[in-house]
Amino acid sequence: MIENIRLSLRGIWSHKMRSFLTMLGIIIGIAAIIAIVSTIEGTNEQIRRNMLGNSGHTVKISLYQDSMEYEIGTWNPSPDGVPVYTEDVRQEILALPNVEKAAFYNVSNEYNQCVYYGANSLSSCLINGIDANYFPTAGLQITSGRGITPEDVEKKRKVVVLDAGTSRSLFEGGDPVGKTIVIYNEPFEVIGTAAKTDTYEPVIHSVEEYYTYYNNTDSSGSLYIPSSTWPVIYRFDDAQNLLIQASSAETMASAGKACADLLNQGVTNNSGITYKSEDLLGQARQLQDLQSSSNQMLIWIAGISLLVGGIGVMNIMLVSVTERTREIGLKKAIGAKKSRILGQFLTESAILTAMGGVIGVITGIILSRIISRVSDVPVAISVPAIVVAVVFSAFIGILFGLLPSVKAANLNPIDALRHE
């Protein structure tokens, strides 16, 4: 085998230009496949990051009516037959597999001016009724002042924590801590401001992507009050949502479904009202499948150049057999077996295409980097794709080198020695 490799490399080197032109089809095919696969992998990872971005493995379990999320607000009251869950239920949720943190909360999406500070008001905002478990679960940190404490909830204190959006709108860059705002004619003291622990902005290239990822970003300002003061504003108890933090991105869907099933055991509403979990990872996979299916055709098209490259290898190997007919006849005359001749030419063909595969991989990596810089498309180099590409290129060499090798092995030594 080592002798065959040495002879193959010598033969390839002695016809450098011809060998390079023979490898060109393989190089182009492999480079195209590596570039396409790298772009697909990079785009899939970008979709996953865009969808999961700031989620921190958190899953929202909220009320749905049939297939639509049920939004509670002053214009849409809380549905009947949905209980207010207690700390005991939260402990049951924490005991479920892959659930690390959990918090019940109320939320109302307000589109009217109901929050004021002096002459400033909010045209829209999310009002959240929370307990002390919410901020750690949601991945929020206090940037100034303090957060909601168990004592705030127990004593029904009218205090509020603002996010950056509401603070900026109401206080125009000033320090809000210690100030008093009015929520539905009730005074609340601002005790702190909060922000996401990790911030991530989705990479958006089109209007379609904007609307796809828009719902997964904090588009409205939010403010947070103790859950015990929720009835002070809305005059009644509302159905709660649940926020959990799963152990990993892969367990988000299963953990969310398990929590939704547990909560639904207490729901007695007969109007199609149920708890459902948000499946961001599933949405990401659907987008990835849609993106990948449109790119599979490109891989097949690139594969055609590998077929063309294989035909080129077969053609050159046939020429090589013709050129070396006397050499083959001499080897057979001194006792070389058919298997030795067959192995020599198959080795040369495999090495030729494997070298083309390696060069193609390097070219594909460079090409993918260029594409990323020029079109701002993310790429992720796939190591399995590189290994498969090199192995497949060698297989192409063996497959298309088989016919010339068999022809060389079957030459009659007397006729071969007479060949001019």
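## The chain as a whole

Of the 420 residues in the protein chain, 45% count as buried. This is a predicted model, and in it the chain has 14 helices and 13 strands. Among the contacts in the chain with a separation of 6 or more, 78% are accounted for by residues 24 or more positions apart.

The surface can be described as well: the protein chain exposes about 21,300 Å², and 59% of this area is supplied by carbon and sulfur atoms.

## Helix H9 and its buried face

Which residues of H9 are buried? They are Met252, Ala255, Gly256, Cys259, Ala260, Leu262 and Leu263. Seen down the axis of H9, these buried residues fall within an arc of 160°, so they line one face of the helix.

Thr58 is found in strand S1, which comprises residues 58–65. Is Thr58 buried or exposed? With a relative accessible area of 10%, Thr58 is buried, because the cut-off for a buried residue is under 20%.

If its neighbours within four places in sequence are left aside, Thr58 is in contact with Thr137, Ala138, Leu243, Ile244, Gln245 and Met252.

Met17, Phe20, Leu21, Leu24 and Ile28 together make a nonpolar surface patch of about 480 Å². Ile28, a member of this patch, is found in helix H2, which runs over residues 16–52. The relative accessible area of Ile28 is 48%, so this residue is partly exposed.

## Two loop residues with positive phi

Asn98 is placed in the loop between helix H3 (87–94) and strand S3 (99–110). Its phi is near 70°, a positive value in a residue other than glycine, and at 33% relative accessibility Asn98 counts as partly exposed.

Tyr184 is found in the loop between strand S9 (180–183) and strand S10 (186–196). The phi of Tyr184 is near 50°, which is likewise a positive value in a residue other than glycine.

Definitions and conventions:
Residues are numbered from 1 along each chain as its sequence is written. This is a predicted model: local features need pLDDT of at least 70, side-chain atom pairs count only at pLDDT 80 or more; totals for chains, interfaces and linings use all residues. Side-chain values use heavy atoms; hydrogens and water are left out. Helices (H or I, at least four residues) and strands (E, at least two) are DSSP runs, numbered from the N terminus. Buried means under 20% relative accessible area, exposed over 50%, partly exposed in between (1.4 Å probe, protein chains only). Contact means heavy atoms within 4.5 Å. Accessible areas come from the Shrake-Rupley method with a 1.4 Å probe; for residues, only the protein chains shown count as cover. The arc is that of the directions from the helix axis to the C-beta atoms. Patches are made of residues with over 30% relative accessible area and no salt bridge: like charges are joined within 9 Å, nonpolar side chains (Val, Leu, Ile, Met, Phe, Trp, Tyr) within 5 Å. A salt bridge is a side-chain nitrogen of Lys or Arg within 4 Å of a carboxyl oxygen of Asp or Glu.
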